[in-house]
Amino acid sequence: MKIEAFRKDKRVTKPHKHAKYLELVYLNGGTGLHVIDGQEYRIEPPVCFLVRKEEVHHWAIDSEPNGFVLIFKDAFMADCEDGQMEALILNLTKYQHFRVAEDENLDLLFQLTAAEYQKESSQSLTFLSLLKALLAKLLAKAPEGRPIELANKAGRFQAMLMDEPRNDVQFYAKALHTSAQNLNALCQKSFGQSASEIVGKYIVREAKRLLIYTNLSVTEIAYRLHFSDCSNFIKYFKRLTGDTPLHYRRFTA
């Protein structure tokens, strides 16, 4: 995770893409164009842009820009255990760009969060609390209009996983009225991971929660997560974590 001021000398860039992170750009100053996957967006501050992994973009700015850049790296997203933080980021990624209603408090939150990042680590409680407040404030300024369809469907997929994680890609594909193959392609474009990899992340997170905070047996947890039998769940958990469920419970709980 990283936050810093938008470079004032960053006016014109060549088309490029980011392979390992999501970029959020907030501009409250500057004019020109931002081109994402061939789509031109006029810079009309205050404005927010979301550039997903593998999307090709470039800047053509013709007056001094002012604002902030937030980078969410793969590791931050993979290790994030704060459901509210993850939901905020997920909801923001439903948009490619949106105009932001002017708000001095939003600008102040950006300044405070960036200053705290410089002082502390990106894992400090103060920084993460400010970041969550910033994302919530920014999302509150987003329009009610329909976000782009690709991100919207990917967002629904992750929202379903948060509500009811189950080891069944086909189940989610059917619920989203698409095929498992198309869901996999959508996940690769939106998140840089396969559908099964994303399902695995949520399955492991929920399994760990149930192992630590409940008295459910491993068999009960396996069936709650829709595994056909306990042995499949144990093999799955060990493959993704390097540990067995019982060992994890014994030495973590």
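Colleague: Does Cys48 count as buried or exposed, and at what relative accessibility?

Modeller: Burial is read from relative accessible area: buried means under 20%, exposed over 50%, and partly exposed in between, using a 1.4 Å probe and protein chains only. Cys48 has 0% relative accessibility, so Cys48 counts as buried. Please keep in mind that this is a predicted model, in which local features need pLDDT of at least 70 and side-chain atom pairs count only at pLDDT 80 or more, while totals for chains, interfaces and linings use all residues. Residues are numbered from 1 along each chain as its sequence is written, and side-chain values use heavy atoms, with hydrogens and water left out.

Colleague: How many disulfides does a search of the whole structure find?

Modeller: A disulfide is a pair of cysteine sulfur atoms within 2.5 Å, and the search of the whole structure finds zero. Another cysteine, Cys230, counts as buried because its relative accessibility is 17%.

Colleague: How many helices and strands does the protein chain have?

Modeller: Helices (H or I, at least four residues) and strands (E, at least two) are DSSP runs, numbered from the N terminus. Here the protein chain has 11 helices and eight strands.

Colleague: What does the radius of gyration say about the protein chain?

Modeller: The radius of gyration is taken over C-alpha atoms, and the globule rule is 2.2 Å times the number of residues to the power 0.38. For 253 residues, a compact globule would have a value near 18 Å, and the 20 Å of the protein chain agrees with this. Along the principal axes, the C-alpha atoms fill a box of roughly 60 × 40 × 30 Å, and 45% of the 253 residues count as buried.

Colleague: Which peptide bond is cis, and where is Pro46 placed?

Modeller: The bond from Pro45 to Pro46 is cis, with omega near -5 degrees. Pro46 lies in the loop between strand E4 (39-43) and strand E5 (47-51).

Colleague: What is phi of His177, and what is phi of His226?

Modeller: Phi of His177 is near 60 degrees, a positive value in a residue other than glycine, and phi of His226, likewise positive, is near 70 degrees. His177 is in the loop between helix H6 (169-175) and helix H7 (180-191), and it counts as exposed because its relative accessibility is 74%. His226 is in the loop between helix H9 (218-224) and helix H10 (230-241), and His226 is partly exposed, with a relative accessible area of 33%.

Colleague: Which residues does Val69 touch, not counting those up to four places away in sequence?

Modeller: Contact means heavy atoms within 4.5 Å. With that rule, Val69 touches Lys2, Ile3, Glu4, Phe6, Glu23, Leu24 and Val25, residues up to four places away in sequence not being counted. Val69 is in strand E7 (residues 66-73) and is buried, with a relative accessible area of 8%.

Colleague: How far apart in space are Arg224 and Pro165, C-alpha to C-alpha?

Modeller: They are 9.1 Å apart in space, although 59 residues separate them in sequence. Arg224 belongs to helix H9 and is partly exposed, with a relative accessible area of 47%. Across the protein chain, residues 24 or more positions apart account for 71% of the contacts with a separation of 6 or more.
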